[in-house]
Amino acid sequence: LGQSSSGATLFMEPSEAIPYNNADTELEDMEATCEMKVLRKLSRRVAKCQQELHQATRAVVTLDLATARGKHAQWLGGVCPQLVPPADPVDQEVTESDWKVTESRIVIED
């Protein structure tokens, strides 16, 4: 006995079709079980490479960002900055906040 999706109609399958429909249902269950086994196996293989995949993804993101910045700079008509080293670079830790951008030059403030 079956029912339509709205529930308004009931239908009954012919008795001759019952074994075929039961076999179909069993095969669908077996297929789903096999599919889950394959997915678990693939997931374990991917999990073993997690660190390498993460590093590769970070590298791709870094390259994509660099390309996007370059294209944006070209679109703006930007110029390539010239980095000017500090007056006395020995034993001097330079942080990002030490750099000052002036037109097309970056100068390190002492």
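How far apart are the end C-alpha atoms of helix α2, and what span should its 27 residues have? At 1.5 Å a residue, helix α2 (residues 50-76) should span 39 Å, and its end C-alpha atoms are 39 Å apart, which agrees. The expected span is 1.5 Å times one less than the number of residues in the helix. Just after α2, Gly77 adopts a positive phi of about 75 degrees.

The model is predicted: local features need pLDDT of at least 70 and side-chain atom pairs count only at pLDDT 80 or more, while totals for chains, interfaces and linings use all residues. Residues are numbered from 1 along each chain as its sequence is written, and side-chain values use heavy atoms, with hydrogens and water left out.

**Overall architecture**

The protein contains two helices and five strands, arranged along the sequence as β-β-α-α-β-β-β. Helices (H or I, at least four residues) and strands (E, at least two) are DSSP runs, numbered from the N terminus. Of the 110 residues in the protein, 4% are buried. Buried denotes under 20% relative accessible area, exposed over 50%, and partly exposed in between (1.4 Å probe, protein chains only).

Patches are made of residues with over 30% relative accessible area and no salt bridge, joining like charges within 9 Å and nonpolar side chains (Val, Leu, Ile, Met, Phe, Trp, Tyr) within 5 Å. A salt bridge is a side-chain nitrogen of Lys or Arg within 4 Å of a carboxyl oxygen of Asp or Glu. Accessible areas come from the Shrake-Rupley method with a 1.4 Å probe.

A negative patch is formed by Asp24, Glu26, Glu28, Asp29, Glu31 and Glu35; of these, Asp29 belongs to helix α1 (residues 18-48). Lys37, Arg40, Lys41, Arg44, Arg45 and Lys48 gather in a patch of positive charge, and Arg40 also lies in α1. Met36, Val38, Leu39 and Leu42 make a nonpolar patch of about 350 Å², with Val38 likewise placed in α1.

| Residue | Patch | Relative accessible area |
|---|---|---|
| Asp29 | negative | 48%, partly exposed |
| Val38 | nonpolar | 48%, partly exposed |
| Arg40 | positive | 46%, partly exposed |

Met12 is located in the loop between β2 (10-11) and α1. Met12 is exposed, with a relative accessible area of 69%. The C-alpha atoms of Met12 and Gly2 are separated by 5.9 Å, although these residues are 10 residues apart along the chain.

Technical notes. Lys and Arg count as positive and Asp and Glu as negative; His and the chain ends are not counted. The place of a charge is taken as NZ of Lys, CZ of Arg, CG of Asp or CD of Glu.
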